[in-house]
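Here is a short tour to read with the structure open beside you.

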Amino acid sequence: MRADTSINNSANWIKKSVTKQQIEPLCNSYNVSPLLASVFVRRGITEGRELLYYLEEDLRFQHNPFCFNGIEDAVERILQAKEEGEKVLIFGDSDVDGITSTAILYEELVRMGIDVSWRLPLEDDGYGLNLEAIDDFAAQDGTLIITVDCGISNNDEIAHANELGIEVIVTDHHNPPEKLPEAILIIDPKLEDSNYPFDGISGAAVAYKLVSALRFADTEFYGAEICILELRENESEKCFYADCVKIKNLVKIKELHEKIIPEQTSIYDLKLPYFLQGQLIYSWDCKKTQSILLNLFGRGIEFNLNDLRNEISQIIPSLKTKSAAQLKELSQIAKYSATENSEIEALYNLYVTYCKKLIAQKKPQQVENEQKDLQLVALAALADIMPMKNENRIFVRNGINSIKKNRPRAGLAELFNKLNINKDALNSTELSWTVIPALNAAGRMGKSDLSLKLLISENPREREELANTIYALNEERKELVTSAYYKVHEEAENSLSLHSSKLCLTVNQCINKGVTGIVATRLMQDFNVPAIAITWENEVYTGSMRSCRGFVATSFLDSLGDIFINHGGHNFAAGFSFYQDKLECFLSRVKSAASQIELEKECADIFVDAEIPPEHLTPENFNLIDIFEPYGAESPELLLMTKGIKLIDTMVLGKKEPHHLKLIFDTGKHKISAMFWGQAERLKKDISIGKKYDILYNMSRNYFNGTFTKQLIIKEINISTGDL
């Protein structure tokens with residue numbers, strides 16, 4: 001499926017200026033080309049911790065699950081449930097994020113031998129955990145509920161579970177309300193005290209982090225505390241620098257950095273002996289460190305050192321002869337870190353890498369299961385429009401690579417076959433436009449359990465039948481959206497004048513409850529203002545809000561919170577429901593509040609990532625795609641510009657009617673093909689063979705009959721000023 005790719009040709013094409021002083025440090029530090037460095041600078045990606053997620057894809061660069069406050073307690077509670085034979089219920093949401101979250105956690109608890117079941121909202125169920133599910137679980141003598149991709153706003157429901165003696169662990173990623181539910185544990189990166197380094201992950205990623213922690217708990221390293229010590233002599237200052245980190249579950253929990261001047265620094269003024277007391281201590285050069293400690297402190301203090309070099313070199317033999325300083329230079333992670341004490345940082349990172357390699361050797365099934373999970377985490381990140389930065393890029397890249405290099409996991413394989421997806425050509429765009437809408441269709445049609453069953457069923461024939469059913473539901477969903485949108489478009493347009501042209505709204509029973517979000521999205525895109533689409537069934541009105549231009553949907557809905565049965569979501573995508581007698585109050589308050597809405601100003605300017613002269617528009621430069629893929633929220637496709645390029649051939653394409661243009665440009669050394677979708681009528685009007693043009697475009701690789709062809713996707717084309 002292709003969207004209209006043309007741009008208003010009256011817009012200004014702006015390429016922000018960058019200086020040599022801005023580009024050179026990136027080229028030198030990260031070995032990138034000047035062209036790539038200029039794109040990074042224009043996009044404001046200049047810090048090592050940001051560049052990391054564009055230049056690397058190793059899973060070692062994802063964040064440790066034990067960064068989450070409370071996740072070790074969650075692991076212990078789940079292990080207790082296993083030990084005592086408790087019944088556990090996983091309650092998820094009905095969208096792709098909720099389905100994948102449920103599948104990830106359910107499959108792991110089954111592997112652990114836990115008595116686990118799952119439940120999703122169906123048919124008339126509202127969003128999130130509901131009372132009926134809790135009562136049904138209580139009747140089965142269930143004792144632990146784990147929510148995934150929901151629960152953060154289910155205060156009443158969780159209070160009810162508590163009354164019945166059922167404990168609840170909430171794993172979620174939605175914006176938390178002012179008052180949190182009284183769950184025994186809440187794992188949500190958006191909590192102020194979550195301690196997690198990145199709050200933009202999906203619900204499936206949170207579930208994946210919990211599963212990763214459970215897997216780690218099945219290793220010898222779980223719960224173990226160690227201390228890494230590095231002593232460095234500074235001959236010019238005639239002193240020693242002591243750097244120490246305490247580690248638990250591969251997370252740094254404490255650090256100490258001290259300067260020691262022999263014969264001047266009193267032992268009573270030092271924190272080092274107390275920091276190391278009772279610790280399992282590792283040092284890279286054990287003999288040297290022991291000698292320095294003996295000279296500094298004599299035999300009055302005994303330090304029990306272990307040789308880190310010997311342990312690690314058994315797994316990574318190439319490091320056996322390296323010094324700590326050399327390790328710092330070899331460390332990929334250190335390259336992106338601004339940490340001053342980089343030798344100890346390199347040792348810490350090396351220890352984590354060593355542990356992960358050892359676990360992978362001893363437990364290869366964990367690695368295989370993780371790859372299957374990442375396919376789902378990738379889908380969830382794209383489906384829930386998570387910002388495509390930080391570790392989300394790692395998730396999506398690894399998920400797509402797992403599908404390509406291994407194979408689609410069970411369930412996805414059958415769906416890919418039904419949708420005619422070629423895994424070799426798979427990218428984030430294909431997942432977003434084709435696979436995700438199909439998986440979402442079942443939930444939108446009130447049958448989210450079908451997509452979940454597809455992902456977790458062990459029966460190939462059942463998966464085949466489910467893929468066929470989901471495909472049919474997706475076709476039905478498309479018709480419902482088209483029909484509803486046609487009927488409500490005028491109503492929504494007329495509502496603009498009632499809401500100070502800052503919001504549009506439609507309330508119409510013709511909208512199927514499952515597609516209110518899609519309808520709201522299309523209205524938002526059409527009118528470029530926040531949009532609300534509402535439908536009703538019996539006495540309950542259900543709606544979705546989609547926002548844009550910096551306006552936060554959840555904050556707006558929070559201001560109307562007393563009206564709703566429930567509400568919640570993300571900054572730019574949220575949902576709600578209310579009873580029929582609240583309709584007039586809702587409409588009145590939205591109308592009053594609309595005048596106070598502040599939207600970011602629309603900008604007609606088009607900001608270009610880079611200008612590539614015709615002679616530099618080479619096949620090699622198409623490698624830029626690999627750096628910036630996956631595309632998504634906060635990481636749009638590269639928009640490039642070339643001026644004065646000669647058009648040497650054209651062709652009109654279209655299966656039924658000639659709508660599209662295929663263009664061939666001459667760069668001097670190469671012939672570059674391009675597609676200009678939906679613009680066939682411009683041929684011989686303002687597009688002619690033999691002339692030179694200024695073009696605005698994306699780069700792409702077209703896959704056909706087993707062959708990839710590099711081509712440009714034209715966004716706009718103007719006669720070159722030098723050719724007038």
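Let us start with strand β4 (residues 144-148), which is largely enclosed by the rest of the structure because five of its five residues are buried. Please keep in mind that this is a predicted model. The mean pLDDT of the chain is 91, and 96% of its residues reach 70 or more.

- Strand β2 (residues 87-91) runs parallel to β4, and four bridges join the two.
- Strand β5 (residues 167-171) is also parallel to β4, joined to it by five bridges.
- Which residues pair with Thr147? Phe91 has Thr147 as its bridge partner in β4, and Val170 in β5 stands opposite Thr147.

**Helix α19, a covered helix**

- Eight of the nine residues of helix α19 (residues 448-456) are buried, leaving the helix mostly covered.
- Those buried residues are Ser448, Asp449, Leu450, Ser451, Leu452, Leu454, Leu455 and Ile456.
- What covers the buried residues of α19? The cover includes the helices α5 (96-111), α15, α17 (412-418), α18 (428-444) and α20 (460-495), together with strand β3 (115-119).

**Met388, a buried loop residue**

- You will find Met388 in the loop between α15 (364-383) and α16 (391-405).
- Is Met388 buried or exposed? Its relative accessible area is 1%, which is under the 20% cut-off, so Met388 counts as buried.
- Leaving aside neighbours within four places in sequence, Met388 is in contact with Ala381, Leu382, Arg393 and Val396, among others.
- Its contacts also include Tyr54, as well as Pro630, Tyr631, Gly632, Ala633 and Ser635.
- Tyr53 lies 335 residues away from Met388 along the chain, yet their C-alpha atoms are separated by 9.6 Å.

- Strand β19 (residues 640-653) runs parallel to strand β18 (residues 610-611), with two bridges joining them; here Ala610 stands opposite Leu640.
- With strand β22 (residues 692-704), β19 pairs in the antiparallel sense over five bridges, and Tyr693 in β22 is the bridge partner of Ile645.
- The pairing of β19 with strand β20 (residues 660-666) is antiparallel too and has seven bridges; Met651 has Lys662 as its bridge partner in β20.

**The cavity**

- How many cavities of 30 Å³ or more are there? The count comes to one.
- The largest cavity holds about 40 Å³ of space.
- Its lining is made up of Phe221, Ala224, Ile247, Lys248, Asn249, Leu250 and Tyr351.
- By type, these lining residues divide into five nonpolar, one polar and one charged.

How values were computed
Residues numbered from 1 in each chain as written. Predicted model: local features only at pLDDT ≥ 70, side-chain atom pairs only at ≥ 80, totals over all residues. Heavy atoms only, no water. Pairing = 2+ DSSP bridges. 1 Å grid on protein atoms, 1.4 Å probe; cavity = no way out; pocket = protein on both sides within 12 Å on 5 of 7 lines; lining within 4 Å. Points joined across faces, edges and corners; volume = space filled by probe spheres on them. Nonpolar A, V, L, I, M, F, W, Y, C, P; charged D, E, K, R; others polar. Buried < 20%, exposed > 50% of the residue type's maximum accessible area, 1.4 Å probe, protein only. Contact = heavy atoms within 4.5 Å. pLDDT = per-residue confidence, 0-100.
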